[in-house]
Amino acid sequence: GKTTLARLIPRLIQTHSNQLFIDGKPIEQWPLSQLRKSIGYVSQNPFLFSNTIATNISYGVDNPTNKAIYNAAEWAQLRKDVEEFDLGFETLVGERGITLSGGQKQRATIARALLLHPRILILDDALSAVDTHTEEAILGHLHNRMQHCTTLIIAHRVSTLRHCKHIVILDQGRIAEEGSHQQLLSQDGLYAKLHTRQQLAAELETL
């Protein structure tokens, strides 16, 4: 259900009219090309082309500077990894990104979305393959640099969501709870139980 909702925003799938609004305007009234140019979408299954890392990051952007590409990679916590490769950003990525690890592929597609400077950024479970330290750094950059961007984050880890202004919990395809991190913890519902369970799992991993 979560991915279905995310795919409705760029109209990758359609819903009935007057059900989804952007800035108070039904989504179907926005020109499709304008709508999609305003959205940076990072899916849970990152897709990379058989080309250089720089070309993969800059896909969809006309004539980006090297500095802009490097900055986007920095914000996605990818730059350091890439600069350790012999050819750096000119490293060729194999078919579907086979040269890179799962976390590096996710960060490359995040960098691609950030380079667009979108009005709406959608991260569909896009941090699942990175560790919590890297996740925290990426979310910190998003918070500092995407002030004028609406960001929709879909995740299973509470750590990914705790700084969000508004959190919606889906259960069996329906909204079960919503509110801020602190509000949801105080309700002692699904979110609070998930938070406790994940904290315990993290503590056990450090033993």
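## A short tour of the model

Welcome! The chain averages a pLDDT of 90, and 99% of the residues score at least 70; pLDDT is the predictor's confidence in each residue, from 0 to 100. This is a predicted model, where local features need pLDDT of at least 70 and side-chain atom pairs count only at pLDDT 80 or more, while totals for chains, interfaces and linings use all residues. Residues are numbered from 1 along each chain as its sequence is written, and side-chain values use heavy atoms, with hydrogens and water left out.

**Stop 1: two helices.** Colour by confidence and select residues 66-75: helix α4 has the highest confidence in the chain, at 96, whereas helix α7 (residues 132-145) has the lowest, at a mean of 86. Helices here are DSSP runs (H or I, at least four residues) and strands are E runs of at least two, numbered from the N terminus.

**Stop 2: T91.** Next, select T91, in the loop between α5 (79-83) and α6 (102-115). Is T91 buried or exposed? T91 is buried, because its relative accessible area is 12% (buried means under 20%, exposed over 50%, partly exposed in between, with a 1.4 Å probe and protein chains only). Show its side chain: a polar atom there lies 2.6 Å from the backbone oxygen of G88. Leaving aside residues up to four places away in sequence, T91 touches N51, T52, I53 and F85 (contact means heavy atoms within 4.5 Å).

**Stop 3: F49.** Move to the loop between β3 (39-42) and α3 (53-57), where F49 is found. F49 counts as partly exposed, at 31% relative accessibility.

**Stop 4: G24.** Finish at G24, in the loop between β1 (21-22) and β2 (25-26). With a relative accessible area of 65%, G24 is exposed. Select P118 too: its C-alpha atom and that of G24 are separated by 19 Å, and the two residues are 94 residues apart along the chain.

Notes
Polar contact = N/O pair within 3.5 Å; in protein donor to acceptor, adjacent residues only side chain to side chain.
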